[in-house]
Amino acid sequence: MQPFAFATAQSAEAAVGRVAGTRGAAFIAGGTDMVQLLQDRVTAPSELIDINQLPFANVDVDAGGARIGALARMADVADDPRIRARFPVVAESILLSASAQVRNMASIGGCLLQRTRCLYFRDVVTPCNKREPGSGCPAQDGENRMNAILGGSDHCIATYPGDLAVALVALDADVRLSGVHGERTIPVEALHRLPGDTPEIETALEPGDLITAVVIPECAAAARSHYVKVRDRASFEFALASAAVAVEIDDGTVRDARVAVGGVATKPWRLREVERALVGRRFDADVVHAAAARASDGAEPRGQNAFKVELLKRTVARALLTVGGLA
């Protein structure tokens with residue numbers, strides 16, 4: 001392992017300045033996968049800044065929605081009765097993530113920024129454009145069962161691995177950032193970038209940017225929301241396909257629908273065509289299946305992950321039928 005410096009942040013401003021001004025410096029918080037990345041020699045920071053002592057562990061819920069500090073532990077957020085009642089898809093996505101031990105330590109901000117589990121990214125003896133730009137993407141024709149069928153490019157088909165971000169995208173949540181130029185807010189949907197021809201640039205964060213909070217706006221559909229995760233085993237496993245859905249149904253008619261999916265795309269993926277196929281229609285099984293059939297529009301499967309096309313449609317349909325009481 002390459003030696004690195006370690007320091008504890010005394011303030012957000014000091015942490016931002018240190019990471020922005022030090023080549024190779026990075027933040028570390030509870031539950032990030034930084035240690036594994038170090039052990040696998042995927043990354044080699046010059047300095048790690050521990051931000052766990054910063055005052056960003058709050059969970060506030062009011063009439064306008066929820067504000068969750070970036071250092072709130074996943075387990076605490078999932079167990080919060082206000083989150084479970086008003087944003088069940090958020091609690092469910094967390095409870096289906098990792099393991100109980102990891103959730104007790106993992107921070108919300110760290111969860112959003114976890115990195116892909118693509119075999120080639122994690123194996124430093126193989127080429128990977130995300131890890132070493134220009135070296136190639138062997139996943140295109142290689143071991144790609146877990147890789148993306150949506151949002152990929154000739155340079156990268158690595159799947160975004162998280163669950164919580166999928167739920168937050170469905171709810172139009174924002175992230176609050178503190179950076180060298182002050183504070184700003186961006187949608188969670190804009191936090192992760194498509195790989196294009198620069199897969200090594202994974203997020204919209206600028207050097208030194210620190211996530212301080214997640215803000216979830218109030219919406220009627222959020223209370224009727226659900227998360228489905230399909231995976232190879234029941235615990236501590238990443239999704240083959242997942243779906244976060246939220247619907248507002250008035251007198252049997254869909255007034256609002258939110259659908260986002262994970263495990264199948266290079267970033268948390270919003271399915272607006274599915275949403276449009278639901279809004280204004282009577283909520284029944286035929287309408288749900290017809291809408292879910294649009295889930296794989298634009299998919300580009302490879303040899304080993306073609307099964308995800310049908311799996312994605314079924315996962316979306318199952319989530320919608322469950323939340324609508326038809327499952």
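Predicted model: local features only at pLDDT ≥ 70, side-chain atom pairs only at ≥ 80, totals over all residues.

**Sheets and their helices**

Modeller: Helix H1 (residues 12–21) lies across strands E2 and E3, and its direction makes about 145 degrees with that of E2. The mean pLDDT of the protein is 97, and 99% of its residues reach 70 or more. Among the elements, helix H2 (residues 34–39) has the lowest mean pLDDT, 91, whereas helix H9 (residues 164–170) has the highest, 99.

E2 and E3 belong to an open sheet of 3 strands, whose order is E1-E3-E2 and whose pairing is parallel. Its edges are formed by strand E1 (5–8) and strand E2 (25–28), each of which pairs on one side only. On average, and with direction ignored, neighbouring strands of this sheet are turned by 25 degrees against each other. Strand E3 (residues 47–50) runs parallel to E1, and the two are joined by 4 bridges. Within this pairing, Phe-6 stands opposite Leu-48 of E3.

A further sheet is built in another manner. Here 4 strands form an open sheet with antiparallel pairing, in the order E9-E10-E11-E12. Strand E9 (225–230) and strand E12 (269–270) stand at its edges with a single partner strand each, so one side of each is left without a neighbour in the sheet. Strand E10 (residues 241–250) and strand E11 (residues 253–262) run antiparallel and are joined by 9 bridges. In this pairing, Ala-243 has Val-261 of E11 as its bridge partner.

Helices pack on this sheet too. Helix H5 (residues 88–95) lies across E9 and E10, running at about 20 degrees to E9. Helix H12 also packs on the sheet, where it touches E9, E10 and E11, and its direction makes about 35 degrees with that of E10.

H12 leads on to a contact between helices. Helix H11 (residues 285–292) packs against helix H12 (residues 307–323) at an angle of about 145 degrees, and their axes are 8 Å apart. The crossing of H11 past H12 is right-handed. From H11 the contact draws on Ala-285, Val-288, His-289 and Ala-292, while H12 contributes Lys-313, Val-316, Ala-317, Leu-320 and Leu-321. Of the residues in this contact, 7 are nonpolar, 1 is polar and 1 is charged.

The protein has 12 helices and 12 strands. Taken along the principal axes, its C-alpha atoms fill a box of roughly 60 × 50 × 35 Å. For 327 residues, a compact globule would have a radius of gyration near 20 Å, and the 19 Å of the protein agrees with this.

Note on methods: Residues numbered from 1 in each chain as written. Heavy atoms only, no water. pLDDT = per-residue confidence, 0-100. Axes fitted to C-alpha atoms, helices over the stretch in contact; angles between N-to-C directions. Left-handed = near helix turned anticlockwise from the far one by under 90°. Contact = heavy atoms within 4.5 Å. Nonpolar A, V, L, I, M, F, W, Y, C, P; charged D, E, K, R; others polar. Pairing = 2+ DSSP bridges. Rg over C-alpha atoms; globule rule 2.2 N^0.38 Å.
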